Amino acid sequence: FLSSLNLKNQSYAFKVCRIVPENNLDMILEAFKKLDLTLVIVGNWNNSKYGIDTKVKYSDFDNIILLDPIYDQYKLDSLRSNCRYYIHGHSVGGTNPSLVEAMYLGLCCIVYDVNYNRVTTDNLTHYFKNSSEIARAIESLDENFSERDRVAKDLREFAKLNYTWSTIIKEYKRVIDEVLEA
């Protein structure tokens with residue numbers, strides 16, 4: 001599947017999300033239009049004026065690939081698990097499944113800097129608040145492979161300890177027990 005998109009293992013950054021402003025797509029796309037690294041984003045581009053306008057605005061850049069939703073899990077997993085960086089721009093919500101999945105796969109994540117993202121990643125990765133910080137993080141990590149590998153390893157270890165069904169069940173049980181005892 002990667003070859004059909006002219007992608008090679010570790011040759012691109014990846015993001016999957018709903019195409020909404022609060023996922024900071026403009027910020028991310030602005031950073032990548034100036035970088036040499038390819039960015040692949042999978043999302044529902046045609047579901048809103050924002051998505052359609054954003055897709056039109058960034059479709060002419062050779063290093064930006066904007067794909068419509070992919071429902072074939074094999075293809076989605078192939079894209080996600082072979083990227084060099086997972087870019088997570090969500091600025092509202094809580095623990096996002098796409099970020100936890102990327103962490104569990106041992107991907108080096110570059111994450112929008114809000115409290116819940118820091119909690120989800122246990123402050124183990126690189127964070128951004130603007131497009132220049134995305135570029136700096138990528139340039140820094142590309143120059144320091146051991147740092148990139150360390151971040152990916154640490155995120156995976158944290159996810160394996162904290163984002164499993166047994167851990168989640170234990171936490172729910174603890175909360176329920178506290179409520180019942182109160």
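## Basis of the description

The model is predicted, and local features need pLDDT of at least 70, side-chain atom pairs count only at pLDDT 80 or more, and totals for chains, interfaces and linings use all residues. Residues are numbered from 1 along each chain as its sequence is written, and side-chain values use heavy atoms, with hydrogens and water left out.

## The largest pocket

The largest pocket holds about 350 Å³ of space. A pocket here is an open set of points on a 1 Å grid over the protein atoms alone, where a 1.4 Å probe fits, with protein on both sides within 12 Å along at least five of seven lines; lining residues have an atom within 4 Å of a point. Grid points are joined across faces, edges and corners, and the volume is the space filled by probe spheres set on the points.

The lining consists of 17 residues, and Val16, Cys17, Arg18, Val42 and Ser98 lie nearest the centre of the pocket. At least two lining residues come from each of β1 (12–17), β2 (38–43) and α4 (97–104); helices (H or I, at least four residues) and strands (E, at least two) are DSSP runs, numbered from the N terminus. Helix α4 provides the largest share, three residues. By class, the lining has nine nonpolar, six polar and two charged residues, where Ala, Val, Leu, Ile, Met, Phe, Trp, Tyr, Cys and Pro count as nonpolar, Asp, Glu, Lys and Arg as charged, and the others, Gly among them, as polar.

## The second largest pocket

The second largest pocket contains about 250 Å³ of space. Its lining is formed by Thr95, Tyr104, Asn162, Tyr163, Thr164, Trp165, Thr167, Ile168 and Glu171. Helix α8 (residues 165–181) contributes the most, with four residues. Four lining residues are nonpolar, four are polar and one is charged.

## Helix α1 beside helix α2

Two packed helices are described by the angle between their axes and the distance between the axes. The axes of α1 and α2 come within 11 Å and cross at roughly 5°; axes are lines fitted to C-alpha atoms, for helices over the stretch in contact, and angles run from 0 to 180 degrees between N-to-C directions. The two helices, α1 and α2, are therefore roughly parallel to each other (angles under 35 degrees count as roughly parallel, over 145 as roughly antiparallel, 65 to 115 as roughly perpendicular and the rest as oblique). Leu25, Asp26, Leu29 and Glu30 of α1 meet Tyr50, Thr54, Lys57 and Tyr58 of α2, contact meaning heavy atoms within 4.5 Å. This contact has four nonpolar, one polar and three charged residues.

Lysine 57 lies in helix α2 (residues 49–58). Not counting residues up to four places away in sequence, lysine 57 touches Asp26 and Glu30. Lysine 57 and leucine 29 are separated by 28 residues in sequence and by 9.7 Å in space, C-alpha to C-alpha.

## Helix α6 and its partners

Helix α1 (residues 25–32) and helix α6 (residues 131–143) have axes that come within 8 Å and cross at roughly 50°. That angle makes α1 oblique to α6. From α1, Met27, Ile28, Glu30, Ala31 and Phe32 meet Ser131, Ile134, Ala135 and Ile138 of α6. The contact of α1 with α6 has seven nonpolar, one polar and one charged residues.

The axes of α6 and helix α7 (residues 145–162) come within 5 Å and cross at roughly 110°, which makes α6 roughly perpendicular to α7. Leu141, Asp142 and Glu143 in α6 are in contact with Phe145, Glu147 and Arg148 in α7. Here two residues are nonpolar, none is polar and four are charged.
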